Amino acid sequence: MSERGKLVVQQTKGGGYAGTIRLSNNKSMPLPSYYDLRDASLNGVECEVEREKGLIKRVLVAGQDLQRRPGKGSQEGYKDRQPQHRQQETAGRPPVKDNGPHQDKAREENRLKTFLPRDTHQYLPAKVDNFGLLLNKVAWFDEGEDNKGQGKGFKFYLAGRNPRTLVKGDFAGIDFTVLDRRRERALQGTGLLLEKLPMTPQWRFVVGLGQESVYETSLTLHPVYGFPFIPGNAIKGLVRNTIISEVFAGDEKEALADTGFRAIFGWTNYGTPSSQRGLVHFFDAYPATAPHIVPDIINPHYAPYYQDASGRTPPGDYYNPVPVFFLTVERTEMLFYLGINPAANQVITAGELAGQDYLSTTGKWLRLALGEYGIGAKTAVGYGCFASL
């Protein structure tokens with residue numbers, strides 16, 4: 001349906017001309033900019049207007065379409081303003097999706113960089129097998145999701161629409177069976193009496209979570225092979241604390257007064273010659289097979305509440321969570337070794353640990369400690385507990 005109106009043409013500050021249509025009901029509408037007004041000769045001229053959904057679609061003066069600018073408002077100009085995928089669709093081609101997973105991945109790849117010395121980068125092989133080097137030396141830096149640097153930082157894991165792990169453990173080049181056989185032979189060569197305890201995590205474990213790392217979280221890795229392992233001093237500390245808690249009710253002084261306890265773990269009496277070394281050796285625990293490394297997440301919701309020393313900030317559910325990713329090990333059998341000089345492996349005859357020899361007693365408490373207390377970080381929420389095989 002057409003309406004009658006009158007053109008009002010005025011000169012703009014830039015020297016051009018802009019028009020308004022004053023309709024018969026005394027309402028005015030601006031003339032779309034794609035109409036070509038080169039002077040004020042049409043000012044006051046009557047016209048007919050066709051509208052669609054309130055927008056001007058056509059203007060006729062004296063029965064002729066009002067002239068439009070080349071490429072503006074014409075069919076060609078309309079095509080020019082359409083997104084690229086719309087033009088391809090018109091040409092019979094399938095539309096290109098702007099936010100497809102491949103484009104997302106390509107954008108992520110462009111954001112990622114590693115900071116290595118030039119000569120190191122020059123001789124870097126196409127594939128780095130050592131997981132320790134990949135994680136700690138060839139660290140990935142994400143430049144951020146936008147020009148404001150949001151999400152900027154070192155990352156081993158990309159969250160979001162296409163989550164993926166950037167640093168993956170590939171231990172195919174390590175024969176863990178041969179490695180354990182050689183290690184056991186080396187330990188036997190020391191003349192020690194050994195006890196071997198194969199155990200598997202009930203869920204996941206992480207040792208060394210708080211060590212220094214550009215990723216803010218870490219994982220203890222073998223300095224040569226690069227696989228995760230459990231240091232012997234951590235194992236010894238776990239067994240020692242378990243015995244103190246279970247047998248001596250948490251009283252370390254009472255534990256140090258026990259002859260069996262002192263013989264197993266040793267003790268230090270500073271300034272006197274009475275200190276002694278522990279009889280039992282606690283060796284590092286290595287994987288029996290290629291370890292499975294999986295990312296995990298800590299997602300604190302109440303950071304402002306915990307960070308407010310004044311106690312005035314409530315623990316509200318309206319705070320934004322701040323996810324922190326870390327690496328864990330799961331479904332991986334670990335081999336624990338204990339050793340003692342055969343001549344020193346006597347039956348404990350006095351004290352709270354009396355009844356068995358030193359090595360058997362230590363092995364029993366190691367199983368209990370790993371099964372009920374767990375080792376490493378986050379044991380209070382189920383990480384680090386092992387079961388005997």
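Which residue just after H7 takes a positive phi? Keep that in mind as you look through these views of a predicted model; the second legend has the reply.

**View 1. The whole chain, to get your bearings.** Welcome to a protein chain with eleven helices and 21 strands. Of its 389 residues, 37% count as buried. Among contacts with a separation of 6 or more, 64% join residues 24 or more positions apart. The chain exposes about 23600 Å², and carbon and sulfur atoms supply 49% of that area.

**View 2. Helix H7 and what covers it.** Here we follow helix H7, which runs over residues 232-247. From the first C-alpha to the last, its 16 residues reach 22 Å, close to the 22 Å expected at 1.5 Å a residue. Look for the buried residues of H7: Gly232, Ile235, Leu238, Val239, Arg240, Thr242, Ile243 and Ile244. Their cover includes three helices, H8 (252-256), H9 (259-265) and H11 (358-373). Strands E16 (281-282) and E20 (334-340) are also part of that cover. Now for the opening question: just after H7, alanine 249 takes a positive phi of about 55°.

**View 3. Arginine 262, a buried charge.** One of the helices covering H7 is H9, and arginine 262 is found in this helix. Arginine 262 is buried yet has no salt bridge. The nearest side chain of opposite charge belongs to aspartate 258, and it is 7.4 Å away. That pair does not count as a salt bridge because the cut-off is 4 Å between a side-chain nitrogen and a carboxyl oxygen. Leaving out residues up to four places away in sequence, arginine 262 touches Leu256, Ala257, Trp267 and Gln276.

**View 4. A nonpolar patch on the surface.** Three residues meet in this view: Phe115, Phe154 and Val214 form a nonpolar patch with about 280 Å² of accessible area together. Phenylalanine 154 is found in strand E9, residues 153-154. With a relative accessible area of 32%, phenylalanine 154 is partly exposed.

View 5. Find glutamate 46 in strand E4, which covers residues 46-52. Lysine 6 is 40 residues apart from glutamate 46 along the chain, while their C-alpha atoms are separated by 4.3 Å. Setting aside residues up to four places away in sequence, glutamate 46 touches Arg4, Gly5, Lys6 and Val61.

**View 6. Positive phi in two loops.** Alanine 62 sits in the loop between strand E5 (55-61) and strand E6 (64-65). Its phi is near 55°, a positive value in a residue other than glycine. Alanine 62 counts as exposed, at 74% relative accessibility. Although not a glycine, lysine 378 has a positive phi of about 60°. Lysine 378 counts as partly exposed, at 29% relative accessibility.

View 7. At 44% relative accessibility, proline 342 counts as partly exposed. Glycine 191 is 151 residues apart from proline 342 in sequence, yet the two are 8.0 Å apart in space, C-alpha to C-alpha. Apart from neighbours within four places in sequence, proline 342 is in contact with Gly191, Leu192 and Leu193.

Conventions:
Residues are numbered from 1 along each chain as its sequence is written. This is a predicted model: local features need pLDDT of at least 70, side-chain atom pairs count only at pLDDT 80 or more; totals for chains, interfaces and linings use all residues. Side-chain values use heavy atoms; hydrogens and water are left out. Helices (H or I, at least four residues) and strands (E, at least two) are DSSP runs, numbered from the N terminus. The expected span of a helix is 1.5 Å times one less than its number of residues. Buried means under 20% relative accessible area, exposed over 50%, partly exposed in between (1.4 Å probe, protein chains only). Contact means heavy atoms within 4.5 Å. Lys and Arg count as positive and Asp and Glu as negative; His and the chain ends are not counted. Accessible areas come from the Shrake-Rupley method with a 1.4 Å probe; for residues, only the protein chains shown count as cover. Patches are made of residues with over 30% relative accessible area and no salt bridge: like charges are joined within 9 Å, nonpolar side chains (Val, Leu, Ile, Met, Phe, Trp, Tyr) within 5 Å.
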